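These are my notes from one sitting with the structure. I put down what I looked up, entry by entry.

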Amino acid sequence: METQRKLIETTEKYIKNLLESEGTGHDWWHIDRVRTNALAIASHYPVNVFVVEMAALLHDIADHKFHDGDENIGPKKATELLTNIGVEDDEIQKIVTIIREISFSKGLVPGTLEGKIVQDADRLDALGAIGIARAFAYGGHKQRLIYHPDIPPTHYASKDEYKKSSSPTINHFYEKLLLLTDLMNTGEAKKLAAERHKFMELYLNQFFDEWKGVK
Ligand code: ADP
Ligand code: NI
């Protein structure tokens, strides 16, 4: 346990340093919240908690946004780090597989319960009060409007089409955020997501009432 603590601390330092200047919603505190969510969910299941925590810490290392579209650099970096600090081979395999599943196959259900938990934890951070804050932070970063009454939400046929879209941030709630609750893998995450989902609906009702000047 003592050595696992040390491995986690070293990984934490590495990731903090890597994401220090990241301003698109994948900053260190996103990673830290995903870890907290993941451990909270994991406490209800018989899983390898070390793998869950390490995968949560490393899950955005592979984000293609940081690597000009090369999806192998992240997993390679993670493998190097985990090997250097002395994590056991079968655990490296498990952790790196989760990183690949989460970051590159957004539509994919991870093969292990550990992976499902980390995916749920990442998705939870896009919901609720924090999800709202992140959506508007991202929208601002992309210079998007908050809302435009004449631009309705779209259903995107592909990931590329979705990425190219420049629709207002309120649309993102209907295009992605409100769809996430049904995609949760674990019962625990479903419960948490349902609360966050309700909060976003409340927020949207208030938003549109204020827009119309009725509240
Ligand atoms: P992940 O961390 O799961 O890889 P993304 O990179 O898709 O998620 O998004 C990071 C954050 O930015 C999330 O909170 C997400 O809701 C938000 N975001 C992504 N795309 C948009 C968008 N088109 N408009 C507003 N917010 C967005
Ligand atoms: Ni993430």
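Where do Glu80 and Lys76 lie, and how many residues apart? I find both in helix 4, 4 residues apart, about one turn of the helix. Helices here are DSSP runs of H or I with at least four residues, strands are runs of E with at least two, and both are numbered from the N terminus.

**Conventions.** I am working on a predicted model, in which local features need pLDDT of at least 70, side-chain atom pairs count only at pLDDT 80 or more, and totals for chains, interfaces and linings use all residues. Residues are numbered from 1 along each chain as its sequence is written, chains are lettered from A and ligands numbered from 1 in the order in which they are written, and side-chain values use heavy atoms, with hydrogens and water left out.

**Salt bridges.** I count a salt bridge when a side-chain nitrogen of Lys or Arg is within 4 Å of a carboxyl oxygen of Asp or Glu. The structure holds 11 of them. Glu80 and Lys76 form one, with the closest N and O atoms 3.9 Å apart. For accessibility I use relative accessible area: buried is under 20%, exposed is over 50%, and partly exposed is in between (1.4 Å probe, protein chains only). Glu80 is partly exposed because its value is 42%; Lys76, at 55%, is exposed.

I then looked up Asp32 and Arg35, whose side chains meet in a salt bridge at 3.1 Å, N to O. They are 3 residues apart in helix 2, so about one helical turn separates them. Asp32 and Arg35 are both buried.

Glu53 forms a salt bridge with Arg5, and I read 3.3 Å between the closest N and O atoms. This pair links distant parts of the chain: Glu53 is in helix 3 and Arg5 in helix 1 (residues 2-18), 48 residues apart. Glu53 has a relative accessible area of 5% and is therefore buried, while Arg5, at 41%, is partly exposed. I also traced a network of salt bridges that links Arg5, Glu12, Asp32, Arg35 and Glu53.

**Nickel site.** Which residues coordinate the nickel ion (ligand 2)? I list His30 (NE2), His59 (NE2), Asp60 (OD) and Asp122 (OD), at 2.1 to 2.5 Å. Donors are N, O and S atoms within 2.8 Å of the metal (3.2 Å for Na, K and Ca); water is not among the atoms, so sites may look incomplete. In sequence the donor residues are spaced H-x28-H-D-x61-D. His30 is in helix 2 (residues 28-42) and Asp60 in the loop between helix 3 (49-58) and helix 4 (73-85), 30 residues apart. His30 is buried because its relative accessibility is 1%; Asp60 is buried at 4%.

**Aromatic pairs.** My search of the whole structure gives 10 aromatic pairs. One of them is Tyr147 with Phe208, edge-to-face, at 5.2 Å centre to centre and 75 degrees between the planes. Rings of Phe, Tyr and Trp (its six-membered ring) pair if their centres lie within 6.5 Å; planes under 30 degrees apart count as stacked, over 60 as edge-to-face and the rest as tilted. Tyr147 and Phe208 are both buried. I note one aromatic cluster formed by Phe136, Tyr147, Phe173, Tyr203, Phe207, Phe208 and Trp211.

**Backbone.** Gln143 has phi near 55 degrees, a positive value in a residue other than glycine. I place Gln143 in the loop between helix 7 and helix 8. Gln143 counts as exposed because its relative accessibility is 74%.
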